[in-house]
Amino acid sequence: MSVRPRSGEQVPSLAAQVARASDPGGTTVWVRDRLDGLWCDEDFADWYPRDGRPGLSPAQLATVCVLQSC
């Protein structure tokens with residue numbers, strides 16, 4: 001597995017709209033908005049070999065791990 005850095009990706013507007021509607025208190029979206037840009041795929045690039053199938057975005061996985069603890 002390898003990593004192909006994809007920093008700068010935005011959450012699609014419809015996905016953000018659905019997330020805000022499903023969490024009226026906004027805790028999850030608030031945390032995600034504050035963490036946006038805290039880390040990027042390049043921060044994790046040395047952990048992956050340079051060849052192989054592309055893996056999931058490690059920056060997105062790190063954000064999901066933090067959000068699961070909310």
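Student: How many helices and strands does the protein chain have?
Tutor: This is a predicted model, and its protein chain comes to 3 helices and 0 strands. Going along the sequence, the pattern reads α-α-α.

Student: And how much of the chain is buried?
Tutor: Of the 70 residues in the chain, 24% are buried. The accessible surface comes to about 5,300 Å², and 58% of that belongs to carbon and sulfur atoms.

Student: OK, helix H2. Which residues are buried there?
Tutor: In H2, which covers residues 27–35, the buried ones are Val29, Val31 and Leu35. Looking down the axis of H2, they fall within an arc of 160 degrees, so they line one face of the helix.

Student: What covers those buried residues of H2?
Tutor: The cover includes helix H1 (13–22) and also H3.

Student: Then what about H3, which residues are buried in that one?
Tutor: H3 spans residues 58–68, with Pro58, Ala59, Ala62, Thr63 and Leu67 buried. These buried residues pack against H2.

Student: What does alanine 62 touch, apart from its neighbours in sequence?
Tutor: Setting aside neighbours within four places in sequence, alanine 62 is in contact with Trp39 and Phe44. As for aspartate 41, it sits 21 residues from alanine 62 in sequence, and their C-alpha atoms are 9.9 Å apart.

Student: Switching topic: how many aromatic pairs are there in the whole structure?
Tutor: A search of the whole structure turns up 1 aromatic pair. Phenylalanine 44 and tryptophan 47 form that pair, and it is edge-to-face because the planes of their rings are at 85 degrees, with the centres 5.2 Å apart.

Student: Are those two buried or exposed?
Tutor: Phenylalanine 44 is buried, with a relative accessible area of 13%. Tryptophan 47 is exposed, at 66%.

Student: Last one: how many of the contacts join residues at least 24 apart?
Tutor: Taking contacts in the chain between residues at least 6 apart in sequence, 72% join residues at least 24 apart.

Technical notes. Residues numbered from 1 in each chain as written. Predicted model: local features only at pLDDT ≥ 70, side-chain atom pairs only at ≥ 80, totals over all residues. Heavy atoms only, no water. Phe/Tyr/Trp six-rings, centres within 6.5 Å; stacked < 30°, edge-to-face > 60°. Buried < 20%, exposed > 50% of the residue type's maximum accessible area, 1.4 Å probe, protein only. Helix = DSSP H or I, 4+ residues; strand = E, 2+ residues; numbered from the N terminus. Contact = heavy atoms within 4.5 Å. Areas by Shrake-Rupley, 256 points an atom, 1.4 Å probe, with all protein chains shown as cover. Arc of directions from axis to C-beta.
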